[in-house]
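Student: I would like to work through this model by question and answer. Please show the sequence and coordinates before we start.

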Amino acid sequence: MSQTDTRVGGVEAAPTRGGSRRYWTSRRRDQLTGYLFIAPQLLGSVAFVILPLILVVWYSLHEWNVLAGTFEFVGAENYSALADDPNLGAVLRATGLFSVGLVVFNLGLALLLAVLLNQKLRGTIVFRTLFFSPVVVSLVAWTIVWGFLLQDDGGVNGLLDTVGVDGPNWLRGEGTAMLSVVVVQVFKNVGLNMVLFLAALQGVPAEMYEAAEVDGASRIRQFWRITVPLISPTILLTSIITVVGSLQVFAQIAVLTQGGPGTSTTVLVYYLYQQAFQFHHFGYGATLSIVLFAIVLALTVLQWQMRKRWVFHES
């Protein structure tokens, strides 16, 4: 038999009957099987994530006028226009206000509901279903219904009128429009985070609560010392999902307020839509989408790094 080294990639091929080396060893077949399994996900990521990101960066360096049929390279002019945009500051403030309001109210209410519905009481299954049902309702249908309810002569003001309260025009007041959009979004998706928190709460060992009661710990102390640390991985997951979702809100703004009154509810995604598809500034719209991507990436990385400080088993 020849003594020539037939190693390929550090793996020696098995000898065949004639003294030659067989290429398709069991290890290589296993590797090929693994690559075939990840191929659909890899191709999907390339086609729908990596390639669009590259194209967006390319478009941001051009001024693309679809109506005129022009596609002109302008370099960094679109990025320079960000500093001169008089509306960008108000748009970023509206985006931040919406995100903070949604995250605080959604996570807080979801955790409260999960704690209440985790009790062994009659009828909890019915309430779990009621709170989760809006999650599976069409977003546009949900928003349209709430649009009618929040009108000046809508159902919400009609209900307030029965107790002698003169309600405002919720969607047209600068002080109430953003609050209305946040509330609509919270009621739409709070059930999803509630279910995640509920699953986490049911995984907390009952023996820990029993030991804490023996030591004289109050319910509040048990919650902060036992419940919150043990469900902190779920809190991290829900916070990342909610933050990313809050920065991508569009349908609610488009249906309820169209960014008004003024720019009080014009969040970054809706402003991007206006620039690209209403004003046909596709290059500037692509630039705004890169800003949105950078914000989402930075906040996600920040939350992931902060987990070492407060997430159980991560410190």
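Student: Where does P261 lie?

Tutor: This is a predicted model, in which local features need pLDDT of at least 70 and side-chain atom pairs count only at pLDDT 80 or more, while totals for chains, interfaces and linings use all residues. Residues are numbered from 1 along each chain as its sequence is written, and side-chain values use heavy atoms, with hydrogens and water left out. Helices (H or I, at least four residues) and strands (E, at least two) are DSSP runs, numbered from the N terminus. On that numbering, P261 lies in the loop between α11 (251-256) and α12.

Student: What is omega of the peptide bond that joins G260 and P261?

Tutor: P261 belongs to the loop between α11 and α12. The bond joining G260 and P261 is cis. Its omega is about -5°.

Student: At what angle do α12 and α13 pack?

Tutor: Two packed helices are described by the angle between their axes and the distance between the axes. Axes are lines fitted to C-alpha atoms, for helices over the stretch in contact, and angles run from 0 to 180 degrees between N-to-C directions. For α12 (residues 268-278) and α13, the axes are 7 Å apart and the angle is about 160°.

Student: Why are α12 and α13 described as roughly antiparallel?

Tutor: Angles under 35 degrees count as roughly parallel, over 145 as roughly antiparallel, 65 to 115 as roughly perpendicular and the rest as oblique. The angle here is about 160°, so α12 and α13 are roughly antiparallel.

Student: How many nonpolar residues are in the contact of α12 with α13?

Tutor: Contact means heavy atoms within 4.5 Å. On the α12 side the contact includes L268, Y271 and F277, and on the α13 side F282, L288 and I295 are among the residues. Ala, Val, Leu, Ile, Met, Phe, Trp, Tyr, Cys and Pro count as nonpolar, Asp, Glu, Lys and Arg as charged, and the others, Gly among them, as polar. The contact has no charged residues and three polar ones, and the nonpolar number is twelve.

Student: At what angle do the axes of α10 and α13 cross?

Tutor: The axes of α10 (residues 232-246) and α13 (residues 282-310) come within 10 Å. The two helices are therefore roughly antiparallel to each other. Their crossing angle is roughly 170°.

Student: How many charged residues are in the contact of α10 with α13?

Tutor: Among the contact residues are I235, L236 and V243 of α10 and W304, R307 and W310 of α13. By class there are nine nonpolar and four polar residues, and the charged count is one.

Student: Is α2 roughly parallel or roughly perpendicular to α13?

Tutor: The axes of α2 (residues 77-84) and α13 come within 9 Å and cross at roughly 75°. That angle makes α2, relative to α13, roughly perpendicular.

Student: Which residue of β6 is the bridge partner of W64?

Tutor: Strands pair if DSSP finds at least two bridges between them. Four bridges join β5 (residues 62-65) to β6 (residues 70-73), and the strands run antiparallel. N65 has T70 as its bridge partner in β6, and the partner of W64 is F71.
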